[in-house]
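Try each task before reading its solution.

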Amino acid sequence: MLVTALALTLHVLGAVVWVGGMFAAYVCLRPAAGKMEAPQRLGLWRRFFAKFFPWVWVSVVLLLLSGYWMLVTAFGGFAGAPLYINLMQTLGLIMVALFAWLFHGPWLRFKRAVDAGNWPVAGAQLNRIRVIIMVNLPLGLIVVVIGGTGRYWGI
């Protein structure tokens, strides 16, 4: 029981860090940085993502390890998992895939462009990152709601 509580704690913390960071970036930092000149704005985003993305990777590892550990130990494996667990798992895996694509594609190109002072390329890559976060953030919010309410659905 204590190990399950620890796994659930790590799972919740991973979700809070990842989804909360996306919310802060998209809803707060994006509008606040919008009035800045391109070099300052793009530099700010580069520094932000350089600090945030390692935490997302930690969150992904925590979410996957704790989630699958609880799936096996608390729900008896895939066959015993209720609908809300399968929904959470499916959406979570889509989120991980989107983040991996964001990280290995647009983020790396964005980082190189900012470091080279290539503002047009950096701006285009930042827009790609924005679009991916615009998809991943609502998915993350939905997963949080499913995780918090699913056990009460009665399904």
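**Exercise 1.** Is Phe49 buried or exposed?

Solution. This is a predicted model, where local features need pLDDT of at least 70, side-chain atom pairs count only at pLDDT 80 or more, and totals for chains, interfaces and linings use all residues. Residues are numbered from 1 along each chain as its sequence is written, and side-chain values use heavy atoms, without hydrogens and water. Take the cut-offs: buried is under 20% relative accessible area, exposed is over 50%, partly exposed is in between (1.4 Å probe, protein chains only). Phe49 has 2% relative accessibility, so Phe49 is buried. Phe48 has 23%, so Phe48 is partly exposed.

**Exercise 2.** Classify the pair of Phe53 and Trp107.

Solution. Rings of Phe, Tyr and Trp (its six-membered ring) pair if their centres lie within 6.5 Å; planes under 30 degrees apart are stacked, over 60 edge-to-face, the rest tilted. The centres of Phe53 and Trp107 are 5.2 Å apart and the planes stand at 85°, so this pair is edge-to-face. Phe53 is in helix H2 (residues 38–75) and Trp107 in helix H3 (residues 83–116), so the pair ties together parts 54 residues apart in sequence. Helices here are DSSP runs (H or I, at least four residues), numbered from the N terminus. Finally, check burial. Phe53 is buried at 2%, and Trp107 is buried at 3%.

**Exercise 3.** How many aromatic pairs does the structure hold?

Solution. There are 18 aromatic pairs. One of them joins Phe48 and Phe49 edge-to-face, at 5.4 Å centre to centre and 65° between the planes. Ring pairs also link residues into a cluster, including Trp18, Trp45, Phe52 and Phe110.

Methods: Helix = DSSP H or I, 4+ residues; strand = E, 2+ residues; numbered from the N terminus.
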